[in-house]
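Please find below a short briefing on one protein model.

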Amino acid sequence: LIICLFISGFSNTVFAKTFAAPSWKAGTARANITPEEHMWMAGYAFRNKPSEGKLTDLWAKALVLEDAKGQRAVMISVDLVAIRKVISEPVRNRIEQEYGLKRSQILINASHTHTGPETQSAPHIFTLEKKELDKIDRYAKKLEDQLVKLVGDAIRNLQPANLSSENGVSRFQVNRRNNNENTLATQTELKGPNDFAVPVIKVTDAKGKIMAIAFGYACHNTVLGTYEWSGDYAGFAQIELEKRYPGATALFFQGAGADLNPLPRRTVALAIQYGETLAASVERVLKEEMKPLSPELSLSYSEIDLKFEKASPTKEELKGIMSDTSKTPDYLKANAKVLLSKLENGEKLMTSYPYPLQVWKLGEQPIITMGGEVLVGYSNALKKLFGQHIFVFGYSNDVMAYIPTSVAWKE
């Protein structure tokens, strides 16, 4: 899919074009998605109680783009650990029904902050009390409505605009698989792989004022592990950019950062530092020459049927997991209980997964988005094939599992 799309029209030679008069239309909108009650947080299995406060608000933001032919695309960013199928599926269905945008035209990306709310009440947190599960369900339903409305608001805000893009660089990510966090202070060099790129899309209005900044980075949002809501370093980066560019909407898109951590970490000061570092990297790109993008959208989406390597567990295997007292964590036992109940009710377990893959071109800027927690090796491999200028986002449209490279899988 990726190769065919790039062959059918990709060319570096058009980067020299300039588009002085507004050639696109763009509209933005935002919704505060900070929970209104203390509830269970997502991202860390060690947590044993609901949230206790707020460090920063959490946001969902949308950027709708319309090309010269009237074709539209929407980029949605959310300050959540994941956008799972149970939410992304109904949201995308409703967006299609209400605004006529198909799957290929919709990109939903989660920042992967580990200080946001849980959005799925079962099966992996099946052991929570009903009142806590009810909070999650209430939040998820409200979130669904907010995301759908967000797109409509952005469409109503469409106005003439110009787009440009470029990659910046930032280096606070550390490969967490190949470096020991506990001995980081004594290491004389860090091992990779890494992807230090900071993809940036600048959207300016008819007067040349910046109205939107879509940017990304490949790195876990795990500086913080407290019981306070926050967007982590990505949240602070968006706050900082919106301070520097009043009236602009800053949207963060997580890259292929499944094996990359911000290190050192665990303090608010470090989260602010990394956020300001990333914002400075984006601002440097905004102030330098960026390549203008011609007003043409090329959009595709497919779900690849990925087969599981191993057969689905039997009843006996699931019972063994549930009774294991030595090494199996409680959340896996809860999962096993749910799967066992399905088998006992005559249901069949999944043997493959519909994995989402999306390839866009905004003018001359290619964007590849992948579902799940994608390891950085995918980004590096794609850039070897298609060039360092491409943008690669993970955590998009459906975050269901880690997506390892063959090297990581063997290890």
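The side chains of K141 and D145 meet in a salt bridge, at 3.7 Å from N to O; a salt bridge here is a side-chain nitrogen of Lys or Arg within 4 Å of a carboxyl oxygen of Asp or Glu. The model is predicted: local features need pLDDT of at least 70 and side-chain atom pairs count only at pLDDT 80 or more, whereas totals for chains, interfaces and linings use all residues. Residues are numbered from 1 along each chain as its sequence is written, and side-chain values use heavy atoms, with hydrogens and water left out.

**Salt bridges**

- By this rule the count comes to 29 salt bridges.
- K141 and D145 both lie in helix α3, four residues apart, about one turn of the helix; helices (H or I, at least four residues) and strands (E, at least two) are DSSP runs, numbered from the N terminus.
- K141 is partly exposed at 45% relative accessible area, as is D145 at 32%; buried means under 20%, exposed over 50% and partly exposed in between, with a 1.4 Å probe and protein chains only.
- Salt bridges that share partners join K85, E89, R92, R103 and E303 into one network.
- Within helix α2 (residues 85-99), E89 and K85 are four residues apart, and their side chains meet at 3.6 Å, N to O.
- R138 and E37 form a further salt bridge, at 3.1 Å from N to O.
- R138 lies in helix α3 (residues 130-156) and E37 in the loop between β1 (24-32) and β2 (41-42), so this pair ties together parts that are 101 residues apart in sequence.

- An open sheet of four strands has the order β16-β17-β18-β20, with mixed pairing; two strands pair if DSSP finds at least two bridges between them.
- Its edge strands are β16 (297-307) and β20 (391-393), each of which pairs on one side only.
- Strands β17 (residues 352-362) and β18 (residues 365-370) run antiparallel and are joined by six bridges.
- V359 has I368 in β18 as its bridge partner.
- Helix α8 (residues 376-386) packs on the sheet and touches β18 and β20; contact means heavy atoms within 4.5 Å.

**Helix α7 and residue T222**

- The buried residues of α7 are K333, A334, A336, V338, L340 and L343, and they pack against α6 (315-323).
- T222 lies in the loop between β11 (210-217) and β12 (228-229) and is buried, with a relative accessible area of 2%.
- Among the residues that T222 touches are Y44, H114, D232 and R265.

Technical notes. Axes are lines fitted to C-alpha atoms, for helices over the stretch in contact, and angles run from 0 to 180 degrees between N-to-C directions. Lists of a residue's contacts leave out its neighbours within four places in sequence.
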